[in-house]
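Thanks for making time, everyone.

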Amino acid sequence: MAILENRFDENILTTTVDRVINYCRGSSLWPVTFGLACCAIEMMCSGQARYDIARFGAEVFRASPRQADLMIVAGTVTLKMATRVKTLYEQMPEPKYVIALGSCANNGGPYYQHGYHVLKGVDRIIPVDVYVPGCPPRPEALFDAIVKLQKKLLETRLLRRKTDEGSSQPTITGAPAA
Amino acid sequence: MPSPKEIHDRLKSQFPGFILDFVEERIDPYTQVKPEALARVAAFIKNDSELAFNYLVSISSLDEQGTLNAVYHLQSVDLQTGRTRHGVILKVCVPVENPVIPSVAHIWPTADWQERECYDLMGIRFSGHPDLKRILTEEGWVGHPLRKDYVFPTEYRGIDLT
């Protein structure tokens with residue numbers, strides 16, 4: 001790359017296919033319209049003018065999982081809902097990413113010990129990319145998760161996706177892809 | 001407006017033998033009713049022109065380890081002005097081995113879902129209910145979660161809950 005840089009006119013830019021595609025994907029994360037509990041209120045608030053999730057390109061909440069590539073699990077995942085969450089996730093096309101928003105989605109939160117009806121963490125049924133703590137987390141925390149996800153995306157290598165089984169495997173946030 | 005004690009005495013004279021104690025030493029005094037008479041008592045206090053309990057506020061249930069209780073909070077509402085007039089609390093006690101209480105869903109339609117909730121979470125069966133099935137937990141759920149002796153599930157549809 002260094003050989004090619006600065007050798008052409010100003011309107012020529014050299015980069016890699018990986019970077020272009022990852023940049024486009026990261027800048028247009030379309031979440032599923034889907035909230036489970038009080039964290040969803042914060043998620044809705046993130047979409048409004050005051051916080052404006054559009055600044056991060058994730059404002060297109062799609063009503064169908066088949067058009068979405070980001071699932072924000074916002075709220076308490078009850079057992080009754082858990083099977084539906086899994087179905088929704090399976091209906092999303094690859095590549096797909098999951099943000100677990102709030103303590104309940106992370107590990108059951110206040111229902112961990114005495115919640116007979118609550119799943120102890122959504123990562124027991126679907127792989128999670130970013131965990132956001134808080135009860136509920138503020139919109140800024142959700143934005144931080146989206147930025148972290150975008151950083152993670154920039155490090156994916158598209159040509160290697162077949163060998164390392166794609167991004168749907170849970171990895172530590174921000175860690176470089178193998 | 002009749003006080004809870006006056007309502008209790010009125011019911012006692014109307015249904016001799018079916019109205020038990022009047023428990024006063026609580027914030028909300030309540031009247032204990034025998035389960036077999038509940039549907040008749042309910043129909044009476046709703047249709048009586050003086051009592052006119054046209055509003056069932058809530059049905060709650062409690063597990064007293066050996067007996068299950070259903071508590072009915074009733075209110076009389078003036079439909080012209082919308083103001084509440086007088087209230088009463090009925091408590092029904094059934095043994096845990098055979099917890100059956102007659103349904104009042106045909107008297108106050110709001111009892112329909114409340115009785116389903118009591119059945120779902122506490123396991124009280126309401127005889128004569130139009131559609132007594134679980135309302136909050138999924139169909140096929142084992143046990144009634146608010147019972148004191150409830151055993152938490154360790155597995156649900158292949159999901160580990162431990």
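**Two chains, one walk-through**

Let me start with chain B: among its contacts between residues at least 6 apart in sequence, 44% join residues at least 24 apart. By contact I mean that the C-beta atoms of two residues, placed from the backbone, lie within 7 Å. Before I go on, this is a predicted model, where local features need pLDDT of at least 70 and side-chain atom pairs count only at pLDDT 80 or more, while totals for chains, interfaces and linings use all residues. Residues are numbered from 1 along each chain as its sequence is written, and chains are lettered from A and ligands numbered from 1 in the order in which they are written.

Okay, chain B in outline. It has three helices and nine strands, and along the sequence they come as α-β-β-α-β-β-β-β-α-β-β-β. Helices here are DSSP runs of H or I with at least four residues, strands are runs of E with at least two, and both are numbered from the N terminus. The C-alpha atoms fill a box of roughly 55 × 35 × 30 Å along the principal axes. Of the 162 residues in chain B, 25% are buried. Buried means 20 or more other C-beta atoms within 10 Å of a residue's own, exposed means 12 or fewer, and partly exposed is in between, with C-beta atoms placed from the backbone.

So what order do the strands take in the open sheet of five in chain B? The order is β1-β2-β5-β4-β3, with mixed pairing. Two strands count as paired if DSSP finds at least two bridges between them. At the edges sit β1 and β3 (55-63) of chain B, each pairing on one side only. From one strand to the next, the twist averages 25°; for angles, axes are lines fitted to C-alpha atoms, for helices over the stretch in contact, and the range is 0 to 180 degrees between N-to-C directions.

Two helices pack on that sheet. Helix α1 (residues 4-14) of chain B touches β1, β2 and β5 of chain B, and its direction makes about 165° with that of β1(B). Helix α3 (residues 111-122) of chain B touches β3 and β4 of chain B, making about 5° with β3(B).

Now the pairings themselves. β1 (residues 19-23) and β2 (residues 30-33) of chain B run antiparallel, joined by three bridges. A hairpin of six residues connects β1(B) to β2(B), and B:Val23 has B:Tyr30 in β2(B) as its bridge partner. β4 (residues 67-77) and β5 (residues 84-95) of chain B are antiparallel too, over 10 bridges, with B:Leu68 opposite B:Val94 in β5(B).

You'll find B:Gln65 in the loop between β3 and β4 of chain B, and it is exposed, with 9 other C-beta atoms within 10 Å.

Over to chain A. Here an open sheet of three strands runs β1-β2-β3, with parallel pairing. Its edge strands are β1 (70-74) and β3 (130-132) of chain A, and the twist averages 15° from one strand to the next. β2 (residues 97-101) of chain A pairs with β3(A) over three bridges, and A:Leu101 stands opposite A:Val132 in β3(A). Helix α5 (residues 139-154) of chain A lies across β2 and β3 of chain A, at about 165° to β3(A).

What about the inside? The largest nonpolar core has 39 residues, and A:Val73, A:Ala100 and A:Val122 are among the members that touch the most others. A core is a set of buried Ala, Val, Leu, Ile, Met, Phe, Trp, Tyr and Cys residues joined through C-beta atoms within 7 Å.

Chain A also has two cis peptide bonds to show you. One runs from A:Glu94 to A:Pro95, with omega near -10°, and A:Pro95 lies in the loop between α3 and β2 of chain A. Another runs from A:Cys135 to A:Pro136, with omega near -10°, and A:Pro136 is in the loop between β3 and α5 of chain A.

Last stop, where the chains meet: 10 residues of chain A contact 10 residues of chain B.
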